[in-house]
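Please open the structure in your viewer and keep the selection tool at hand.

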Amino acid sequence: MDYFSLLSDIACLAGQSIMHLLFTSKLSGKKPMLWLFPVYFLLIWTIDHVSIMFLPGGGILPVGAGVLALACASRYALKNCWHVSWLAAVLSFYISQLSFGVINSVEAVVFPRFIGSPLLYLLLIAALLIFFLLCACCYRGVIKLMPGADGLPRLGLLLFPILFFFAAELYILRTSYSLFTPSVSPMETGRHAVLLFLQVMGLAAMLCTLYAYRQLCQGFRDSAALQSLTQAAQAQKVYISEARSRYEQTMAFRHDVKNHLAVLSSLLNSGKIEESREYLQKLSAVSGSLSFPCRTGNAVVDILLREKLGLLKDVRTEVSLLLPSPCGIDDLDLCVIFANALDNAITACQSLEGEKHIQVSGQQQGGFFMLTFENSCTDGPTPVPGTGLANIRAAAEKYHGAALFEKSGRSFSLSVLLDISLHQ
C-alpha cells in the first residue's frame, strides 16, 4: 500500500469515527467525552486492519464488528439504553456504507477515464471530501426527522426497517464493488447508474420511514394531550356546575333568612332558650356549608380555591384576589388557569419537607389583569413545561395575554397576564 492510500484510509476512518460518535450523541441527546473519540478510532482502525489481514475479500464481519463497537460505546460510555444504542449504530454505519456506495458508483463511471493521469489523485481527494459532505448531510437529515425525547422509548420500532436498508446496501457493495474492475463500456456505465439510482431510492425510503415514524410519535403525543384536555374539561365542567349549584343554594338560603329569623324570634319570645340555641346551631351549620373561605367575586374560582387549598394541612396558603365584575373572562378559561396552576403548585409542595407555602394574588392595571401564583419548590433546575402550562398559555393567549414562569431558589412563580379591556 502506498503512502497516499494509507493516508486516505486513516483520514477516512478518523472522519467516520468522529461523525459516528457525534451522530450517536445528537440522536440520544448525550454529550460524548473527548477520550471516547481516540478509543473508538483505535477500535475501528484495528477492525479494519484485522479484516484486511484475515479477510482480503471483505465481508460483513468487519462491518458487524464496527456496529457492535459503536453500540457498546453508546451503551457504556454515553449511558444509552440498548435499543437506542443499536439503532444509532446501525444508522451510523448504514449512512457511511450508503455514502460509500454512491461515491463508488460515481467513481466507477468517471475515474476509469483518468487512470494513469495525475488528476486521479485530485479526484480521489475530491471524492473523499464529497463522501464526508454526503455523510454529514444524511446525518443532519436523519436528526431533523427524529422525534424529540418522548419518541426515544419507541425507537426500537425503527430497528428492523433500518436493518433491511442496511442489509440491502451491504449486498450492493459486496456484490458490485468488492472486486471492482475499471471499465468505460456503456454496459458497465449503465449498470453503475442503475446501482446509483437504487441506492438513492434506498436513502429516500429510509427518510420516508423516519418521517412516518415522527408523525406516529406526534400522533401519540397529540392523543395523550387530547385525552388530558378532555379529562380537564370534564373536571372543569363539574367545578362550574358545582359553583352554580352552590350559589343557587346560597341565594335560596338568603331568601329564607327572614323566615328563619321570625321562627328564632318566636322561640325566644316564648322563653324556649334551648330550642332557640339548637335552631341557631342548625342555621350556623347550614350557613357554614354554604360559605367560602375565599371570596374572589367569581363562583368558579371560589369553588376551585376551596376544593384545592382546603385539603392542604401543612401548607401555608394566602389568597389576595378580587376579580373585576364583570371581567369578561369565560368561566371555563378561568377554570383552566386556576385548576392547572393550583395542581402544579400543590404537586410541588407535596414533594417538599418543612415549611411550604402557596400564594395566589391578582392585580388590575387599566385594561389588564395580572394573576400571580407563587409556591415552594425544590432547589433543582427549572421544570420542563408540561401540558398544564401549555393549557394556561393557550387560555391566556385567547385574551391577548401571556403566561410566564420564573424559578428563584426554592420559590416558583407563575404570572398570567390577561387583556380584559375588550371583554368587559
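A crossing of two helices is called left-handed if the near helix is turned anticlockwise from the far one by less than a right angle, and right-handed if the turn is clockwise. This definition will be needed at two of the stops. Please bear in mind throughout that the model is a predicted one.

**The whole protein**

Begin with everything displayed. The protein contains twelve helices and five strands. It has 424 residues, of which 39% count as buried.

**Helices H4 and H5**

Two packed helices are described by the angle between their axes and the distance between the axes. Select H4 together with helix H5, residues 119-145. Their axes are 9 Å apart, and the packing angle is about 140°. That angle makes H4 oblique to H5. Is the crossing of H4 and H5 left-handed or right-handed? It is right-handed. To view the contact, display side chains on both helices: those of H4 include Leu-91, Ile-95, Phe-100 and Ile-103, and those of H5 include Leu-124, Phe-131, Cys-135 and Tyr-139.

**Helices H4 and H6**

The axes of H4 and H6 come within 9 Å and cross at roughly 30°. Angles under 35 degrees count as roughly parallel, and H4 and H6 are therefore described as roughly parallel to each other. The crossing of H4 and H6 is left-handed. Residues that make the contact include Trp-86, Val-90, Tyr-94 and Gly-101 of H4, with Leu-159, Phe-165, Glu-169 and Arg-174 among those of H6.

**Aromatic rings between H4 and H6**

The protein has ten aromatic pairs. For one of them, select Tyr-94 and Phe-165, whose ring centres are 6.4 Å apart and whose planes stand at 35°, a tilted arrangement. Tyr-94 belongs to helix H4 (residues 82-110) and Phe-165 to helix H6 (residues 159-176), so this pair ties together parts that are 71 residues apart in sequence. Both Tyr-94 and Phe-165 are buried.

Is Gly-66 buried or exposed? Gly-66 is buried, with a relative accessible area of 1%. Leaving aside neighbours within four places in sequence, Gly-66 is in contact with Tyr-40, Ile-44, Ile-47 and Phe-93. Select Val-90 as well: Gly-66 and Val-90 are 24 residues apart in sequence, and their C-alpha atoms are 9.5 Å apart in space. Next, select Arg-75 and Tyr-76. The charged end of Arg-75 sits over the ring of Tyr-76, 5.8 Å from the ring centre.

Most residues other than glycine have a negative phi. Lys-79 lies in the loop between H3 and H4, and with 60% relative accessibility Lys-79 counts as exposed.

Finally, select His-400, which is located in the loop between helix H12 (387-398) and strand S4 (402-408). His-400 is not a glycine, and its phi is positive, at about 55°. His-400 is exposed, with a relative accessible area of 55%.

Methods. Residues are numbered from 1 along each chain as its sequence is written. This is a predicted model: local features need pLDDT of at least 70, side-chain atom pairs count only at pLDDT 80 or more; totals for chains, interfaces and linings use all residues. Side-chain values use heavy atoms; hydrogens and water are left out. Rings of Phe, Tyr and Trp (its six-membered ring) pair if their centres lie within 6.5 Å; planes under 30 degrees apart count as stacked, over 60 as edge-to-face and the rest as tilted. Helices (H or I, at least four residues) and strands (E, at least two) are DSSP runs, numbered from the N terminus. Buried means under 20% relative accessible area, exposed over 50%, partly exposed in between (1.4 Å probe, protein chains only). A charge sits over a ring if NZ of Lys or CZ of Arg is within 6 Å of the ring centre and within 35 degrees of the ring normal. Axes are lines fitted to C-alpha atoms, for helices over the stretch in contact, and angles run from 0 to 180 degrees between N-to-C directions. Angles under 35 degrees count as roughly parallel, over 145 as roughly antiparallel, 65 to 115 as roughly perpendicular and the rest as oblique. Contact means heavy atoms within 4.5 Å.
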